[in-house]
Amino acid sequence: MRVFMVLLALLAIPCQGLEVAPKHWWVGMQNPDVQLLLHAPNTAQRQWQLRPYDGVKLTRQHHLDSDNYQFLSVHIGAQARPGTLQFVADDGAQLDYQLKARAHDSKQRQGFSSDDVIYLINPDRFANGNVHNDNHPSMVEKVDRQARDGRRGGDLQGITERLDYLQRMGFTQLWLTPARENNMATGSYHGYAMTNLYAIDPRMGGNEAYFDMVAQAAERGIGVIMDMVPNHIGVNHPWVADKPSRDWINNGGEFLANNHRRQTVMDPHSSEYDRTRFNDAWFVPAMPDLNQRVDELSTYLIQHSIWWIEQAGLSGIRVDTNSYSDKAFMARWSQAIMAEYPNFSIVGEEWTTNPGIIAYWQRGKHNQDGFSTAINSMMDFPLQAALVKALNEEPGWHTGWVRVYQSLGNDFMYANADNLLVFSDNHDMSRIYTQLGQSLNKTKLAMTLMLTIRGIPQVYYGTEVLLDNTPSDAHGDIRIEFPGGFSGHQADAITGQGLSAEQTQMQGYLRTLLQLRKQHSALRQGRMVHFAPKDNVYLYARIDNEQRIMVILNKGGEQHLELAPYTEILQGAKQAKNLLNGEMLRLNQTLAIGAEQAMILALQ
């Protein structure tokens, strides 16, 4: 063996054209094993040796069906130190692979929580910071600002340049829809059809622009959440034309329409046919469905998620189409991430108004079938739907604010309702201002609720300036350009120039809400006590050891609210400060509240 290694050392030359994933790894990880995926023509024929490196062993090498992929399994022991591993093949090829030192306290990084407010951005539609990367010679689709689903040219530099604005507003977390490479012929702006999981799209500025944005956000106390898509890839991903194994993509690599019956995952009566048509079928023809039951693919997806957390310094992950992936894989994936980062946060998307289905996926839920994941947050779609209906209909026994009251009453189903992500709208639905009939007052009521109830609030970009997609509900119109982010705009949300009076009023109101939430711990962490709505009024309190804050939402005409039913939260308080305007109010028998108005009262 020693003679063989000496000969290889003399013959070894850098291996040209060999792609390796992960691009590098770290010493001191919780899981000491890493799988390297090598990709080059006929690379599977090579036999590799690892030159001696203290604490590191090459434990296995193998390939599946394609000769163009090879897997190297490497064990990195506790005594291993940062440096460069050198793998040498029997044909003289050499692969240098870097082991890095982890950032200080990387394992203890903090995820997002109810102390945070998340700002959701579609990067291509937010701001164009560098017009020179609008198009790229290796990318198929070019900028076309006139096309509904065309690229606008927004990029990471445009976001970085507006971080001061987000900080001033009071946002503490930033969730971007995917910024990774989408080299697709059309519709590539949305980012959900990835063609390289380790590369930020060059039209967004590339990997270094992403790392710079995260670092600059951190300097301002803003964390960054990455949108992960373990379920599918884009049809132009290299895996589609050359699969590492025949079963790497579900349904033999051929499109099969998904039935979107997400309840089949936990339905004890569901047929195998229906379950298969949900888990194994494709989301859309442009997004091939990955088969996470292939162990090597499962490991690849886990490692690529950990790589981005460690390399970029992320504070969270949002999981797209959470339930569409194989559920055993989702358990393994989430558990592996949380084992590396115990204080990290993952929020899953499960678009249903059925709270039982959403609860099934949250960490700590005791499910009948024994299934569990480490996903600690889920998106509260039931509450979002209830809110819109409540504000758009007349009050009744089952209508109006009662819908919100009942939705929150379902919190007993969740392992931790305080960790649910609450939102009035997002990138896949009409904007809240649009859904509420372009009513400023209703939009203010909606945002008051979202920023004062239990959970982790998320605000969609442009809500603060009443962005509107009336009359279209097409995705390309929902994801409209942020005012001032692109050439030719007459209005600028950052400077306020050109905004209407209503837009300016909404922006100031949302800023006030964000600052109040930051200043008052009860609004972030206090227990919630709510009362059955009366006509058009919904009243609840947030209470902790420091404060009692009462929130009153009136979607009808002027009201004189009888205070007798609320003595359990008033607890003898004689006056209250309206935190929205600083007015001191006496708490006598009744309290006047204006038409379509909110009150946030600090009880004294």
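**Fold, a helix pair and a hairpin**

The protein, seen here as a predicted model, contains 18 helices and 27 strands.

User: What radius of gyration does the protein have, against the 25 Å that the globule rule gives for 604 residues?
Analyst: Along the principal axes, the C-alpha trace spans about 95 × 55 × 50 Å. For 604 residues the globule rule gives 25 Å, and the computed value is close to this, so the protein is as compact as a globular protein of that length, with a radius of gyration of 26 Å.

User: Is helix H11 roughly parallel or roughly antiparallel to helix H12?
Analyst: The axes of H11 (residues 381–392) and H12 (residues 402–409) come within 8 Å and cross at roughly 165°. Because angles over 145 degrees count as roughly antiparallel, the orientation of H11 to H12 is roughly antiparallel.

User: How many residues of the contact of H11 with H12 are nonpolar?
Analyst: H11 passes H12 in a left-handed crossing, and the contact is made by Pro-382, Leu-383, Ala-386, Leu-387, Lys-389 and Ala-390 of H11 with Arg-403, Val-404, Ser-407 and Leu-408 of H12. Of the residues in this contact, 2 are charged and 1 is polar, while the number that are nonpolar is 7.

User: Which residue in the hairpin of S20 and S21 takes a positive phi?
Analyst: Strand S20 (residues 527–534) runs antiparallel to strand S21 (residues 537–543), and 6 bridges join them; within this pairing, Met-528 has Arg-542 of S21 as its bridge partner. The hairpin has 2 residues between the strands, and the residue with a positive phi, near 55°, is Asp-535.

Notes
Residues are numbered from 1 along each chain as its sequence is written. This is a predicted model: local features need pLDDT of at least 70, side-chain atom pairs count only at pLDDT 80 or more; totals for chains, interfaces and linings use all residues. Side-chain values use heavy atoms; hydrogens and water are left out. Two strands pair if DSSP finds at least two bridges between them. Helices (H or I, at least four residues) and strands (E, at least two) are DSSP runs, numbered from the N terminus. Axes are lines fitted to C-alpha atoms, for helices over the stretch in contact, and angles run from 0 to 180 degrees between N-to-C directions. Angles under 35 degrees count as roughly parallel, over 145 as roughly antiparallel, 65 to 115 as roughly perpendicular and the rest as oblique. A crossing is left-handed if the near helix is turned anticlockwise from the far one by less than a right angle, and right-handed if clockwise. Contact means heavy atoms within 4.5 Å. Ala, Val, Leu, Ile, Met, Phe, Trp, Tyr, Cys and Pro count as nonpolar, Asp, Glu, Lys and Arg as charged, and the others, Gly among them, as polar. The radius of gyration is taken over C-alpha atoms; the globule rule is 2.2 Å times the number of residues to the power 0.38.
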